[in-house]
Amino acid sequence: MTITQLKYVLAVAEHQNFTKAAQKTFVTQPTLSMQIQKLEEELDILIFDRSKKPIELTAVGQKIVTQARNIVNESERMQDVVDQEKGFIGGEFKLGIIPTITPTLLPMFLKAFTSKYPKVQLKIEELTTPEIIAKLQDGHIDAAIAATPLHIERIKERALYYEPFVGYIPSNHRLSKKEKIDSTDLELDDILLLEDGHCFRDGVINLCKSSKLSGNDKFQLESGSFETLIKLSNEGLGMTLLPYLHTLDISEKQQENLRYFNEPSPAREVSLIYSKSELKLQIIEVLHDVISGVVRGAIAFQDVKIIDPLKK
């Protein structure tokens, strides 16, 4: 039994296809198939049911994959121990980021991080929170930036910053005359939301539900971007809520429509999250330090109330 064979098993389990697995592991399909077959013969079991399309794990195969993932992770930890002992900060690092954070946070820290740590090869992927959780648990990414708390077993969370919600309220809206707003002013049916799958949307829903003015989850208008929500608001179709960092990039004219909350302002906690196995911890540490340092100067809010990012 070899680590390479276990990596091949994990690749086939992920892609449910020998050809795709071979491509992802940079070997020929016959080589991959032969190595997996040798492992099955050594263990005297079948890991995959090849009669199914797509290929499925057998019952014992599912247990083998779980154990294989643990073994591969621990084998990678050995190199991690050596890197940490030598003080080496480099190598490939796969980072997931949720879509409502990517456009504002990434430009703030990426150049500073790559300049300071040129030996780290960052591979960044935009993912929803459920995708991040799955990929962290399967070992397909090393860390992620997401709204927390998530309360997921085997995933650690380290807060980076607290980002207030800000109301975007056009001049023809019932709340436009208010200098500041409260969560009790909000009516869920009156708020334009991101489409389903965004945890910022779920945070807004939870905020509105806490005001006890509306529990109606039916929306006529939903969008995948804050820019679209702003345009719809400007057309008189309702108000919306934006994360604070996003408000720094809108035009001066649009900023006239911003309304901040009375303190404590509802906010989302944004954290660097990673597996409790703590692989590549030295990179996670410096990434946390760089991002925290960059954002500290942009967000001065202290008195905030964290809104749960997941729909309850």
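Student: Which residues touch the most other members of the largest nonpolar core?
Tutor: In this predicted model, they are Phe93, Leu95, Phe109, Phe113, Ile132, Ile145 and Tyr161, within a core of 70 residues.

Student: And which helix gives the largest share of this core?
Tutor: Helix H11, spanning residues 281–296, contributes eight residues, the largest share.

Student: Where does this core lie relative to the domains?
Tutor: It lies between domain 2 (88–161 + 269–306) and domain 3 (163–266), because both give residues to it.

Student: Back to Tyr161: what is it in contact with, leaving aside neighbours within four places in sequence?
Tutor: The contacts of Tyr161 are then Ile101, Leu105, Leu245, Arg268, Glu269, Val270, Val295 and Ile299.

Student: What does the second, separate core include?
Tutor: That core has 18 residues, among them Leu6, Ala22, Leu39 and Ala68.

Student: Changing topic, how many helices and strands are there?
Tutor: The chain has eleven helices and 13 strands. Its C-alpha trace spans about 75 × 45 × 30 Å along the principal axes.

Student: What percentage of the chain is buried?
Tutor: Of its 312 residues, 45% are buried. The chain exposes about 16,200 Å², with 49% of that area supplied by carbon and sulfur atoms.

Student: How much of the contact set joins residues 24 or more positions apart?
Tutor: Such pairs account for 76% of the contacts with a separation of 6 or more.

Student: And the charges: how far apart are the mean positions of the positive and negative ones?
Tutor: They are 1 Å apart, for 38 positive and 44 negative charges.

Note on methods
Residues are numbered from 1 along each chain as its sequence is written. This is a predicted model: local features need pLDDT of at least 70, side-chain atom pairs count only at pLDDT 80 or more; totals for chains, interfaces and linings use all residues. Side-chain values use heavy atoms; hydrogens and water are left out. A nonpolar core is a set of buried Ala, Val, Leu, Ile, Met, Phe, Trp, Tyr and Cys residues joined through side-chain atoms within 4.5 Å. Buried means under 20% relative accessible area, exposed over 50%, partly exposed in between (1.4 Å probe, protein chains only). Helices (H or I, at least four residues) and strands (E, at least two) are DSSP runs, numbered from the N terminus. Domain bounds come from an automatic or database domain assignment. Contact means heavy atoms within 4.5 Å. Accessible areas come from the Shrake-Rupley method with a 1.4 Å probe; for residues, only the protein chains shown count as cover. Lys and Arg count as positive and Asp and Glu as negative; His and the chain ends are not counted. The place of a charge is taken as NZ of Lys, CZ of Arg, CG of Asp or CD of Glu.
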